[in-house]
Amino acid sequence: MGDPVTLHRLQFAFTVIYHYLFPVLTMGLALLIVLMKAFGLRPGGERWNDAARFWIRIFGINFAVGVVTGIPMEFQFGTNWARFSRYAGNVIGQTLGMEGLFAFFLESSFLSLLVWGEKRLSRRGHFLAAVALFLGSWLSGYFITATNAFMQHPVGHAVGPDGALRLADFGAFLLNPWAIAQYAHNMVAAVVTASFVVAALGAFYLLQGRHREQASLFLRLGVACGLVSSVLVAFPTGDRQAKLVARHQPATLAAMEGRFRSGADAGLNIIGQPDVRDRRLDNAIAIPGALSFLAYGHFSSDVRGLDEFPEKDWPDQIALLYYAFHIMAGLGTILVGIMLLASLLAGAGRLERSRPMLWILMLSFPFPYIAVTAGWMTAELGRQPWVVHGLLRTADGTSPTVHGGTALFTLIGFCGLYLAIGILFLFLIAREIDRGPGPLPGAAGQVSHA
Amino acid sequence: MHEVWFGIAVFLLTGYVVLDGFDFGAGALHLFVARSDPERRQVLAAIGPFWDGNEVWLVAAGGALFVGFPRVLSSGISGFYFAIFLVLWSLILRGISLEFRSRVHDAVWRQSWDFFFSCASALLPVFLGAALGNLVRGVPLNADGWFELDLFTDFTARAPVGILDWYTVLVGVFALAALAAHGGAFLAWKTDGAVQRRSRAAGLGLYSVVAALWPVLMIATTRVNAILLPAFASRPLAWILSAGALVGLAVVLHALRAERDFAAFLGSCTFLAGLSTATAVCLFPVMLRATGDPTLSLTAGNAGGDLAGLKTALTWFAVGMPLALFYFVVVHWLHRGKAVAAADGEGY
């Protein structure tokens, strides 16, 4: 526990997992808000504007927490991972810098106009503010994913005379195939999260019998976007991501699947508990040949097990990695099922009267958050024991002058601060939900600039 | 190329000081120049639309250092570990206070957040000033370019030094006075009524303190860094920038008395920008000064990133920075004129 590497990892993991709970919603919600505002531009679209106004308030609270918990992330590369920063800064500094310049300036400039500027702007102007936030947050997502993709699958770099990495091919680095696959997978997952949250609140209001007209809009938009996005998460984006892992991180794939021995006709383990000491998976239930097919496109392909890799190159948390991957994949499948069922009912015009379905939608909103967190745990635990895959080990990336006691102090500080922020956040969100959607205050005397 | 990136880093950090400086200053004065809830909402309406964008300048400066001078960024930020987290936590507390405060209509809720907001806003200039003080005084860099600093030792500015000693605390206090005065000038420009009157008075009083402290700080600086004064004497660019700071100071003192508030705010911006850039010109090319062997200092030359990477970065910087400035102009244009306290549920 006093080991500095472990403490640095715990602090980064805690702060980044906590941080991402907010942008995962705001990135998805930004797209849904653009859609609502676009419907609101049409004649008679006032109820869509009311819907957007409510979700912009939720967005504003989430965005604020996302901003403040995001500031420490960039700085922790330097505070806790100084040797990694010195080693890779010339390369990953490119995308981190571009994120600030192209994404953060755009988002931060137009945030308050979106959240508080509806009266100040024309309808079209307010729509454009929503578009600016959507563009900014999706650009930000790309730059940070490209940074992570370099750590997962480094391309476009060379080793300089001082042993540090230098940029050799900017295009290859920026358009890393890993970044493109991971970005697509990640962004549709953000849309899934927002869709489930929007649909869940619609279901909640309908079950309560409040805000019926708005609830029906939330439900329709949430289920429509939720169906499309939850399918896209699995195929083609998740599938593409899995194939990249199989090709470039074969030891990680073996650990994710609890596959200790190599062989053809690899089965996909649905349930089982990895026993790392005895190198076996207990109580396994597997679909024969499915892993071979998913990884390489043939049911009989050989899939390498952990026995083919030296133990020092194994991910160090095999059991946790295995569970994270299976929770993500399992929940992802369940989410598709829920949205498929809801869409069928909606198609038959019975969704709003089907109380069991409304209950399911209302209660399932935590699942995409859990799936997304588990997905990122899969990516990051799977990258171990490397901080830059194949080039720099995590243990060699820490700050040389920061000892365990110091790192524990800041980790405890973050736990306390973030606990308080979490409680306040839930309190404010509960108030907004209780207040519900409504017309623009003082809108009667408003002059339309449009 | 390394000189260019040194310039970009200085430009972004100066932008940060001038811009986030006015909302730190407004925050530090918040409890004093605004007493009732409507008055406090005037202050918050004045800075609300800008604070987040102003903070991005810090992130952008961090990005420029990351790509341009990875050795400086990694040594500096890990060496100042404690101070960095105090800054980050204050920034978090401050952002949360601003964003959460007016969402609940309750006097106790709002007064608590006003208090946190004002404290965090006052602490941040002290930390940032102390950080600048550390760069001027130097840090105990070793042969591998790393250093470790306690938050404080015996406050003497002699080895072993701490992040806080009499000199860095003095710079911190100066920074607090200067940024609070700057915030006063900003509020005098953007508000009206009682808040404007009190902000003007605060700006004037604090700028008088700044004018009195400035020579003290110069003398103190020669005691901890013997190179800075000769460097100043031999660099005409530093003379021009210091003269600019001096003119800015004269303008702000005169214009606040004459109630020409926009001119006063511009004078205030000029003073801060002149002072920051003149200091940077005197320090150049040193970025992290070593307290021991001067050859261990990290400079723009020996700590710079690879040239090809910097050329690439210059290309996207040249595209991105004008865009950022364009958003800046649009947002300030849309929020031109006096800030008006928002009604409940409609703003900061």
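A: Phe155(B) sits in the loop between strand 1 (150–152) and strand 2 (162–164) of chain B; helices (H or I, at least four residues) and strands (E, at least two) are DSSP runs, numbered from the N terminus. This is a predicted model, in which local features need pLDDT of at least 70, side-chain atom pairs count only at pLDDT 80 or more, and totals for chains, interfaces and linings use all residues. Residues are numbered from 1 along each chain as its sequence is written, while chains are lettered from A and ligands numbered from 1 in the order in which they are written.

Q: Why is Phe155(B) called partly exposed?
A: A residue is buried if 20 or more other C-beta atoms lie within 10 Å of its own, exposed if 12 or fewer, and partly exposed in between, with C-beta atoms placed from the backbone. Phe155(B) has 14 C-beta neighbours inside 10 Å, so it counts as partly exposed.

Q: What is the phi of Phe155(B)?
A: Phe155(B) has a positive phi of about 65 degrees, although it is not a glycine. Most residues other than glycine have a negative phi.

Q: Why is Asp265(A) called partly exposed?
A: Asp265(A) has 16 other C-beta atoms within 10 Å, and is therefore partly exposed. Its place is the loop between helix 9 (250–256) and strand 3 (268–275) of chain A, and its phi is positive, about 50 degrees, although Asp265(A) is not a glycine.

Q: Which peptide bond involving Pro236(A) is cis?
A: The bond from Phe235(A) to Pro236(A) is cis, with omega near 5 degrees. Pro236(A) belongs to helix 8 (residues 212–248) of chain A.

Q: What joins Gln384(A) and Pro385(A)?
A: A cis peptide bond joins them, with omega about 5 degrees. Pro385(A) lies in the loop between helix 13 (366–383) and strand 5 (386–388) of chain A.

Q: How do you know that the radius of gyration of chain B agrees with a compact globule?
A: The radius is taken over C-alpha atoms, and the globule rule is 2.2 Å times the number of residues to the power 0.38. For 348 residues the rule gives a value near 20 Å; chain B has 20 Å, so the two agree. The C-alpha trace of chain B spans about 60 × 40 × 35 Å along its principal axes.

Q: What share of the residues in chain B is buried?
A: Buried residues make up 59% of the 348 residues in chain B.
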